[in-house]
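Here are some numbered remarks to read alongside the structure.

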Amino acid sequence: PASDLVNKRGADLENISDKADKMLTGLINEGVVDKIAVTSGYRDPERNARVGGARYSKHIDGDAIDLHIGHYTDAQKVAVLEAAIRHGARGIGVYPGGNSLHIDTRETAATWGYSPFGKYQGVHWSKQPAWAQPALKKLFGE
């Protein structure tokens, strides 16, 4: 089953929203990588604060999932990002070091990550890692 492809790493996936569940299920069912490592799903406000999450994090609403992608090639990272977008991801956080990818189901496209202004500041898609830029450019309709 598709659930065998997910390593939850302590992530709370039981309390994610229907939209986030559909996004993750679609990503898994596409089979773009052998194993998906989810590091975070739903977080209550207290846990979100403890882990340094953004004040209005989509994790609190159950609409976000963080994936560990450090072990993927750039081509695999592209495949995961493109599949996530096809299945509803609109908020994309690519974190320094390239090991973590945040995907969420907000209504309006947004991206952040490699910013000298703070870890949750928006960053134009063209400032993201080269592997992510084509998918993000398409997401933003540019």
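**Notes on the helix packing and its surroundings**

1. In this predicted model, helices H1 and H3 pack with their axes 8 Å apart and at an angle of about 135°. The contact involves Met-23, Leu-27 and Glu-30 on the H1 side, and on the H3 side Val-80, Ala-83, Ala-84 and Arg-86. Because angles over 145 degrees count as roughly antiparallel and those from 65 to 115 as roughly perpendicular, the pair H1 and H3 is therefore classed as oblique. As for handedness, the crossing in which H1 passes H3 is right-handed.

2. Helix H3 itself covers residues 74-86, that is 13 residues, and from its first C-alpha to its last it reaches 18 Å, which is close to the 18 Å expected at 1.5 Å a residue. Just after the end of H3 comes Gly-88, whose phi is positive at about 115°.

3. Which residues of H3 are buried? They are Lys-77, Ala-79, Val-80, Leu-81, Ala-83, Ala-84 and Ile-85, and their packing partners are helix H1 (18-30), strand E3, strand E4 (91-94), strand E5 (100-104) and helix H4 (133-139).

4. Lys-77 counts as buried because its relative accessibility is 9%, and the cut-off for buried is under 20%. Leaving aside residues up to four places away in sequence, Lys-77 touches Ile-69, Tyr-72, Gly-98 and Trp-131.

5. Strand E3, one of the elements against which the buried residues of H3 pack, spans residues 64-68 and is joined to strand E2 by 3 bridges, the two strands running antiparallel. Within this pairing, Ala-37 stands opposite His-68 of E3. Strand E2, made up of residues 36-40, is mostly covered, with 4 of its 5 residues buried.

6. For the protein chain as a whole, the count is 4 helices and 6 strands, and from the N terminus on these elements follow the order β-α-β-α-β-α-β-β-β-α. The chain has 142 residues, of which 45% count as buried. Of the contacts between residues at least 6 apart in sequence, 57% join residues that are at least 24 apart.

Notes. Residues numbered from 1 in each chain as written. Predicted model: local features only at pLDDT ≥ 70, side-chain atom pairs only at ≥ 80, totals over all residues. Heavy atoms only, no water. Buried < 20%, exposed > 50% of the residue type's maximum accessible area, 1.4 Å probe, protein only. Pairing = 2+ DSSP bridges. Expected span 1.5 Å × (residues − 1). Contact = heavy atoms within 4.5 Å. Axes fitted to C-alpha atoms, helices over the stretch in contact; angles between N-to-C directions. Parallel < 35°, antiparallel > 145°, perpendicular 65-115°, else oblique. Left-handed = near helix turned anticlockwise from the far one by under 90°.
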